[in-house]
Amino acid sequence: MNLIVRVINIRKHKKVTFLDVHNSDIGHQQIKLNNSEFIKEEFKLGDIIECECDSAKTEKGIDILNLKKMVVVQLQEMLVLKMLKVNV
């Protein structure tokens, strides 16, 4: 599943980080990323990210998305997306 979402919360743990994200298609969703794979990715609250994810569940049974690939969308790219009427 490919998504373009806005980061609304970041929760960092030892081995994983959880991102609370939002867009108009999926609403609010949680993305899990392994710190060992995405340690170089720099993002902050409010960033727009383009990501490729798989559906999964946490140990507590909560539906989440497992992150496979991610790119922080730059301002110019975001303006192009808005011109193309992609809701973020």
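This is a predicted model: local features need pLDDT of at least 70, side-chain atom pairs count only at pLDDT 80 or more; totals for chains, interfaces and linings use all residues.
Student: What share of the residues counts as buried?

Tutor: The chain has 88 residues, and 35% of them count as buried.

Student: Which elements does the chain hold, and in what order do they run?

Tutor: The chain has five strands and one helix. Starting at the N terminus, the order is β-β-β-β-β-α.

Student: Why is asparagine 23 called buried?

Tutor: The cut-off for buried is under 20% relative accessible area. Asparagine 23 has 3% relative accessibility, so the residue counts as buried. Asparagine 23 is found in strand E2.

Student: What makes the pair of asparagine 23 and aspartate 25 a polar contact?

Tutor: The side chain of asparagine 23 reaches the backbone nitrogen of aspartate 25 at 2.8 Å. The limit for a pair of N or O atoms is 3.5 Å, and the value of 2.8 Å falls within that limit.

Student: Why does glutamine 30 count as buried?

Tutor: Its relative accessibility is 13%, and buried means under 20%, so glutamine 30 counts as buried. The residue sits in strand E3.

Student: Which residues does glutamine 30 touch, leaving out those up to four places away in sequence?

Tutor: Glutamine 30 touches Arg11, Phe18, Leu19, Asp20, Thr58, Ile62, Ile64 and Leu65. A contact requires heavy atoms within 4.5 Å. Glutamine 30 and isoleucine 62 are 32 residues apart in sequence, with 9.2 Å from C-alpha to C-alpha.

Student: What share of the contacts with a separation of 6 or more joins residues 24 or more positions apart?

Tutor: Such residues account for 43% of those contacts in the chain.

Student: Which residues line the largest pocket, and how much space lies in it?

Tutor: The largest pocket holds about 240 Å³ of space. Its lining is made of Val16, Phe18, Gln30, Lys32, Lys57, Thr58, Glu59, Lys60, Ile62 and Ile64. Strand E2 (16-23) and strand E3 (27-34) are the elements that give two or more residues to this lining.

Methods:
Residues are numbered from 1 along each chain as its sequence is written. Side-chain values use heavy atoms; hydrogens and water are left out. Helices (H or I, at least four residues) and strands (E, at least two) are DSSP runs, numbered from the N terminus. Buried means under 20% relative accessible area, exposed over 50%, partly exposed in between (1.4 Å probe, protein chains only). On a 1 Å grid over the protein atoms alone, a cavity is a set of points where a 1.4 Å probe fits but cannot get out, and a pocket is an open set with protein on both sides within 12 Å along at least five of seven lines; lining residues have an atom within 4 Å of a point. Grid points are joined across faces, edges and corners, and a volume is the space filled by probe spheres set on the points. A polar contact is a pair of N or O atoms within 3.5 Å; within protein, one must be able to donate a hydrogen and the other to accept it, and residues adjacent in sequence count only if both atoms are side-chain atoms.
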